[in-house]
Amino acid sequence: MDDLLADFLTETNEGLQSLDGALLSLERNPDDPAVLAEVFRTIHTIKGTCGFLGLPRLEKVAHAAENVLGRWREGSLPVTAAGISLILRAVDRIKAIVAGLESAGAEPAGDDAEMIALLDAAFRGEEVAVDGPAAPPQAEAPAPVAAVAEPEPAPAAAAPQPAAAAQPPAQPTEAGPGNAPQTIRVAVDVLEDLMVLVSELVLTRNQLMQLARTETNSAFSVPLQRLSQITSDLQDGVMKTRMQPIGSAWQKLPRLVRDLSHDLGKKIILEQHGAETELDRQVMELIKDPLTHMVRNSADHGLEGPEERRAAGKPETGRITLNAYHEGGHIVMEIGDDGRGLSTARISEKVIRQGLATEAEIASMSEQEIHRFIFRPGFSTAAAITSVSGRGVGMDVVKTNLERIGGIVELRSREGRGTTFTIKIPLTLAIAAALIVESAGERFAIPQNSVLELVRVGDGDGPKIEMIKSTPVMRLRDRLLPLVNLSRLLALQDQPVAAGGSSFVVVSQVGSQVFGIMVDRVFDTEEIVVKPVAPILRDVTMFSGNTILGDGSVIMILDPNGIARGTGLGVETNGEAAATLTAATRSAESRDHTAVLLFRAGEGAPKAVPLGLIARLEDLPAERIEQAGDSLVVQYRGSLMPLIPLSGYGAVMPAPGSKQAVLVFGDGAHSMGLMVDEILDVMETQLVIDGAGARQGFLGSSVIADKVTEVLDCAYWLHQGGADWFSATAKAKEVTRKPRVLLVEDSSFFRNLVVPALSAAGYAITGLPNPREALRLREAGEMFDIILSDINMPEMDGLQFVRAIRDGGPWQELPVIALSAQAEPDDVEAGREAGFTDYVAKYDRDALIGALTQAIELQVFARSIDSPV
Amino acid sequence: MQTDTLTRPSGAGNMASGNLALGADADHMVLTLTVAGQLCGVPALAVRDVLGQQAITRIPLAPPEVAGSLNLRGRIVTAIDLRRRLHLAPWEAGAKPMSVVVEHQGELYSLLADQVGEVLSLNPAERAANPPTLDASWKEVSLGVHRLGESLLVVLDVERLMRIG
C-alpha cells in the first residue's frame, strides 16, 4: 500500500505540474481538443486512482472537475475563462490535498463542499465567477446567476482552510526526510552519462593499475588499490541503477494479448515466468519492440482459432508463454506458443517463389534451416495480411535489432505443436570481464563469460594438441575437443600449425557446443568497456566489438558465436536452434548433429564412428606391435592393449617400418585398439542410421558427405577386444512407435555408446549428462516412456534423481531403470527402495534391452487395462 | 561553431600556416594532404583532428582498405589506408603515415596520408569536373579537381571514401 501511494504521489505530482500549463494554454486556445483531452485524462487518472486507493476527498473534487471537463470535451459546454479559473482552483485544491497526503500519509481533513458545488454548478451549465488569478470578467457575464454570486467569497474562505492544514508541512517535506517517497525520478540521460563516465573511469583505473604494476614499492600502490576498489563499487552501483526487472518490458503485453484475442477472435492466455529477472535498462529498451512483435506474431500467426484448435484435439484456448532466466552473463527469454507451428512446406514454397533458394537447395536443407528463412527481409508466411501482422516486415527487423546488441534469436518449431523463439542477450552492454590472449603477435579479448577453462598444452604430461588429418583436436578428460586455430581463422598466418605448436587452449562454449581456441599466449583478465565496431566493419562476424586496454591500445573483442559459426561448429547453432540455447534441451538426441570420424578399413564404403567414443588416435610403428597367440597386442600406457583388425582378414602384422593407424577406445581401465587403413576426416553430420543390410560389426549405413558410410557398432568391436562391455546380439524387435527413452549418464563415453546402440535398436533416445537437466526437461513438459539412469553421478546421484521423479509430476509413474557398474544385492535393494523399477549392470546390452522391452510392455499392458474404464 | 572543429596537436609538424579564419566560405575550405605524391584535399569541415604517426591495431578479416583502429583520447577510430583505398603504391617499409581524423555518420575515421599540408580556401568556380578518363576508382571518390600553382589538387568526398566493402 505504501509503495502504491508513493507511486501515486509521484505520478500525480507530475500530472499536476503539467496541468497548470495545459490549462493556461487551453485558456488561450479554448478549441484545442488535444490539450483539452490531456487535461481531462490527467484529472481522470487522478480520480480513478483515488477510488482505488481509498482517498474519498480527492476523488470527489477530481470527479466534480472531471464532469466539467467532460462537458467541455463533448463540446456541450463552451470553455470559458471563468470555467478555467474554476478548474485551476480545483487543481489547487487537489494539490493541497496531495501535499497533505504526502506529509501525513493520509488525506488532510477539510471540507470541499463549496468547491464541489461550484464545479457542479458549472457542470449544469450555470455561469460561475471566481476570483481566479487569470479570470478577467467575461464580456458575456454581465448577468451572473444568482446562485453563484453568493458562494463567491465562500471558496476564498474554504480554500485557506485545507491549505492551512496541508501546505505548511508540505514545504519542509521537500527538504527533510519525513515520510517522503524513497525514490526519485532521474532522467535516463543522467544515468547514461554516469555510465559513460564510469566506463571511462574504469579504463583510466586500468591504465593506472597497468603503470603501477611495473613499479614496485610505489607510494601510489595503496591509494591506487583503494581507488580501484571504489571504482569497482561505483561501477556496480551505477550498473544497479540501470537494472530493471524484465517484467516492466512485459507490462503492456497482457493488454496487447487481450486486444489481439478480441480482434482475431481467438482465445489466448498469456503466461509469464521469471518477470523478476533483471537486466540493463538500455538492453530492455532495445528488446521491447522485438518482444512486442514476437508476441503479436505468436497470437496472429502462431495460434489457431478455437475451431481449428478443437479439430486438432487441442484445448480451445491458445497459450503464449514468456519465460526469462539468467544464464551466465546473459538473459535468456523464450516466447512460445502452442499453436500450429511453422509449415515447412509453405516456407519452402515461398522461398522458391521469391528466388531465395532453389528447389535443390531446399531439398538439401534441414527443417530448421528452412525455418530460418523467416528471418529474411520481406518474408512473411501469413496467407493473408491482417491488421496485426503479415506485411513481411518483422522477423528480420527483430533479428537485426537483437544482433545489434550482441543477442541471438533462435527458433524451434514443430508443425502442429507450436513455435518457440529463444532470445539470448547480454545482461549489460557496458562493461564485461575479458581474457586477453595473443595469437600470431596480435592481441585479442575473449569475453570471460564464454570461457570455460584455460588449458596449457605442451610436451609434458598434460593435454596435447593432436591432429586428425589436418584438423587439430585435443583430448581433455576423455573428451575429444575440436580446436579452432585462431591465427588461421583470422588469416593472421597461413601455415598449418604443427601439433604442439600453440601453448594455450581457451575452452569455450557456445550453446551446447564446446570447443577450444588455440592461442599463443594468455595475459590477464581485464574489465573492458565494450564499444561497437565501426559500421564499415559490420560484416566481420568474428568480433563483437572493440575496446581500449589499460595500456591505451585498441584491441578487438572476439565473438565466440562468430568463431563457432565461422568454423562450421555452429551448424548446430543455426539449425537445431533451441537445443543450443536452453539448458533444458541441451540433449544429445540422436537426431542432432554428431561429430564423426571417417576412416577407411578393408574394402567397400568408408566407415564412420562417433568422435566422442574415441579416446585417442595413434600411429603405431609396426615394431611396437606384438603377436600374442592369434591376436595382436601393443604395450600401451603401461598395459597390454588388444589390437583388432577392422579389415576382416584376421590379424595381420603390418609391414616392418610402416605405421599402423589405430583408433583407441577406452574407459578408464579398459582399452582396445581398432586397426584401420587410413583416417579420412572429421565431420559434423546428422547421424541417421539405416539398419538395412548391416553386416556384423556395423550398426548400418548412413549418408555422410554424400557418400554411403558404414557406421561402426562399437559394442561389437569392444566385445571382440575381450572387454566385458556389451555383448552383441540381435536387435530389439521392431516397434510401431519408437519408445522414447531418456538416458541420464554423466560419462559421455557411456552415453555415446548407448545412444547409437539403442537408437539402432529402435528406440528414440535422448541422452543427458545430469539429473538436473533431466528435471528441467520434465518442467518443459517433455514426456518419455522410460528413463535410464546412472547411479553414481556428481551433484545429484541416481537415487536422489529417482526420488525426485517419484515425488510427483508427470513422470511419477514412469519406469526408471538403474544402470550401474556395481550390482551388489545391497545396491539393488537401495535402488528399489528409492524408486527404481529395475536394476541393470551397466555394460550388459542384452539385459538392458530386455529390461527396456519388459518395462515398455508392462506399460502398454497397464494402459490397456486403464483405458476401458 | 566552425572554428573549433579543427585542432592542431603538436604532432602535426607539417601543418603550414593555413588560413584558419574559417568564415562564411568554410564550405569551400579543404585540408590538403599528399597520398603517394598526389595532392588531395578533404573538406575542412569534416576534419576533427590531425595526428602524427599512431599505434594502429590491425583488424583481421577487415576489408583491405581498413588499416586498423587507433585510440584517440578514449575514442576508437577506424583507420583507412588512403593508398590502398585509392589504389596507389603500398607503403614503403618504415613509412610514418599521418592521420586525418574525419567524422562520418557519427563515427570517427582516420585517413592515413603521407603528409598533411594546410587549410586552403578554394574558389568553387575554379573547380574542374573530373576528367572523363580519370581512373574509375578515383572518379568514384573525387568531387573535382583544382589547379594549385604547378600541381593539381583532387578534392575527396569523405562520404564516398567510406563506401568500403
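Two residues are taken to be in contact if their C-beta atoms, placed from the backbone, lie within 7 Å. The structure described here is a predicted model, in which local features need pLDDT of at least 70 and side-chain atom pairs count only at pLDDT 80 or more, whereas totals for chains, interfaces and linings use all residues. Residues are numbered from 1 along each chain as its sequence is written, while chains are lettered from A and ligands numbered from 1 in the order in which they are written.

By this criterion, the contact between the two chains takes 21 residues from chain A and 19 residues from chain B. On the side of chain A that touches chain B, at least two residues each are supplied by helix H9 (188-214), strand S17 (543-548) and strand S18 (554-558), helices (H or I, at least four residues) and strands (E, at least two) being DSSP runs numbered from the N terminus. The largest share of this side, three residues, comes from S18(A). The side of chain A that touches chain B divides into 14 nonpolar, three polar and four charged residues, where Ala, Val, Leu, Ile, Met, Phe, Trp, Tyr, Cys and Pro count as nonpolar, Asp, Glu, Lys and Arg as charged, and the others, Gly among them, as polar.

Chain A has 27 helices and 34 strands, and 41% of its 869 residues count as buried; a residue is buried if 20 or more other C-beta atoms lie within 10 Å of its own, exposed if 12 or fewer, and partly exposed in between. Chain B contains three helices and 10 strands, which run from the N terminus on as β-β-β-β-β-α-β-β-β-α-β-β-α, and buried residues make up 38% of its 165 residues. Among contacts in chain B between residues at least 6 apart in sequence, 59% join residues at least 24 apart.

Residues up to four places away in sequence not being counted, Ile614(A) touches Leu480(A), Leu597(A), Val609(A), Leu663(A), Val664(A) and Phe665(A).

Within chain A, helix H2 (residues 33-53) and helix H3 (residues 56-74) pack at an angle of about 150°, with their axes 9 Å apart; axes are lines fitted to C-alpha atoms, for helices over the stretch in contact, and angles run from 0 to 180 degrees between N-to-C directions. H2(A) and H3(A) are therefore roughly antiparallel to each other, a description given to angles over 145 degrees. The residues of the contact of H2(A) with H3(A) divide into 12 nonpolar, four polar and four charged.

A further local feature is Gly697(A), which is found in the loop between strand S27 (678-686) and strand S28 (698-704) of chain A. This glycine, Gly697(A), is partly exposed, because 19 other C-beta atoms lie within 10 Å. Although Gly697(A) and Asp713(A) are 16 residues apart along the chain, their C-alpha atoms are separated by 5.2 Å. With neighbours within four places in sequence left aside, Gly697(A) is in contact with Asp713(A), Tyr716(A) and Trp717(A).

Methods
Parallel < 35°, antiparallel > 145°, perpendicular 65-115°, else oblique.
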